[in-house]
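Please keep the sequence and the 3D view at hand while reading.

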Amino acid sequence: MKISIVTGTVLDKYNYLLYNFYMKKLLTIVVCGGILGELAETPPDEVEFLYTENNETDLPSVLKQAKGKYIYLLPDGYALTDLHIMIRVLSDNDTDLVSFANGVAAKNPLFKGLNFKENNCAFLFGVFAALEAKNLTKTLYNPVCKSGDCAQFDADAKDGILIACTEFKKVKAKLAKEIYAYVSDMLIARLTEFYMLAILAIREGEYTADKLLEFDAKLKGEIVLYLALEKHFPVSKLEKLREKKFKISVFTAKKLKKFLMRKDA
């Protein structure tokens, strides 16, 4: 059920009451393999924790259970370290999105109706929810941080990334400036990570240069993102890496791994 608040009409009060009837919590944290530690043992009354299974394929059914005004998707490889700051920030805001240094809390109705079937993943749900948003509050608080070693390469992630990039291209002209910038940054960050992990996988013989070049050619159809990735890609020039079919030296491999392991990368 997708609920919208219609301003300036007699439906205002009804919609507001209906919205709050369904949203019985301030925040739902959907744990997609992330780490909660002691925070999950005695959650505050304003917060609920839900958990995905089967590599996030069940996200649509899990999200239907969410009672929070806001939903935060905690992905694998991240740990929730400061729940109280999240509560305080969200209590003081009412925008569709509230972003933190790592991740974003999005209003519950933005997730309604989303189902990517074989491509269900926290990344896609986060992007599509953001594309439905009208406004954003940006904060520098960091209640979530990376945990452990750098992310593991997943070749299948390319499908979800391309779906997100294609949708962004379709709707970007209609987006508010702040939403456009936020989603664009999210996509560039995800693309950067994917390319870095794929290049390291090629070096280890776990992926092929031809497959990454094929993905690269498809991304070129989303030329704005393609050029932005080219401009902001760290460590080495993508153009030169393509010319070498992504063959890298030991020194470059170490630089890629170091970047991926940074806590706020």
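The points below concern a predicted model and are grouped by topic.

The largest nonpolar core holds 68 residues, and those with the most contacts inside it are Leu97, Tyr195 and Leu212. Helix 6, which spans residues 177–203, gives the most to this core, contributing 16 residues.

**Nonpolar cores**
- Once its neighbours within four places in sequence are set aside, Leu212 is in contact with Phe194, Tyr195, Ala198, Ile199, Ile202, Tyr207 and Phe246.

**Aromatic pairs**
- The count of aromatic pairs comes to nine, and one of them is the edge-to-face pair of Phe194 and Tyr195, with 6.4 Å centre to centre and 85° between the planes.
- Tyr195 counts as buried because its relative accessible area is 0%, and Phe194 counts as buried because its value is 2%, the cut-off for buried being under 20%.
- Phe194 also forms a tilted pair with Phe215, at 4.9 Å centre to centre and with 50° between the planes.
- This pair links distant parts of the chain, since Phe194 lies in helix 6 and Phe215 in helix 7 (residues 209–219), 21 residues apart; both Phe194 and Phe215 are buried.
- Ring pairs join Phe153, Phe194, Tyr195, Tyr207 and Phe215 into a cluster.

**A charge over a ring**
- The charged end of Arg190 sits over the ring of Phe123, at 5.5 Å from the ring centre.

Definitions and conventions. Residues numbered from 1 in each chain as written. Predicted model: local features only at pLDDT ≥ 70, side-chain atom pairs only at ≥ 80, totals over all residues. Heavy atoms only, no water. Core = buried A, V, L, I, M, F, W, Y, C linked by side-chain atoms within 4.5 Å. Buried < 20%, exposed > 50% of the residue type's maximum accessible area, 1.4 Å probe, protein only. Helix = DSSP H or I, 4+ residues; strand = E, 2+ residues; numbered from the N terminus. Contact = heavy atoms within 4.5 Å. Phe/Tyr/Trp six-rings, centres within 6.5 Å; stacked < 30°, edge-to-face > 60°. Lys NZ or Arg CZ within 6 Å of the ring centre and 35° of its normal.
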